[in-house]
Amino acid sequence: MSAAVAPCETTRLSPGQCLHTAVAAATVLAVTEGRLRVDEAPQWLAERCVAVGRTLEAGEQHVVAQAGWPCVTALGVGQGACLRQWPVPQA
């Protein structure tokens, strides 16, 4: 018996376009083409507010640490980027 695969959502972004999207913790954000910058909500670390973010190239992915509204920005000139999201599987 095979496990059901959660449907994914694909979004195409133009260069410089920023997408704010609601996600659950452990949602996978993957870049299928182009470059993206993913900035999660700041987190508290040892009484300091720390920004959490990283730049992703095509083929790379990021697992969201906490539920919220991360900002996903397409980097680069001309080609834009394509973001694919896999929601957390329902138990």
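Accessible areas were computed by the Shrake-Rupley method with a 1.4 Å probe; for residues, only the protein chains shown count as cover. On this basis, the protein chain exposes about 5800 Å², and 56% of that surface belongs to carbon and sulfur atoms. The model is predicted: local features need pLDDT of at least 70, side-chain atom pairs count only at pLDDT 80 or more, and totals for chains, interfaces and linings use all residues. Residues are numbered from 1 along each chain as its sequence is written, and side-chain values use heavy atoms, with hydrogens and water left out.

The protein chain has eight strands and zero helices (DSSP runs numbered from the N terminus; strands are E, at least two residues, and helices H or I, at least four). Its pattern along the sequence is β-β-β-β-β-β-β-β. Of the 91 residues, 29% are buried (under 20% relative accessible area, 1.4 Å probe, protein chains only). Contacts are heavy atoms within 4.5 Å. Among those between residues at least 6 apart in sequence, 78% join residues at least 24 apart.

Strand S7 (residues 71-75) is mostly covered, with four of its five residues buried. S7 runs antiparallel to S2, joined by three bridges; strands pair if DSSP finds at least two bridges between them. Strand S4 (residues 35-45) also pairs with S7 in the antiparallel sense, over five bridges. Thr73 in S7 is the bridge partner of Cys18, and Arg37 stands opposite Thr73 as well.

Thr27 lies in the loop between strand S2 (18-20) and strand S3 (28-33). Thr27 is buried, at 4% relative accessible area. Its side chain reaches the backbone oxygen of Ala24 at 2.7 Å.

How values were computed
Buried < 20%, exposed > 50% of the residue type's maximum accessible area, 1.4 Å probe, protein only. Polar contact = N/O pair within 3.5 Å; in protein donor to acceptor, adjacent residues only side chain to side chain.
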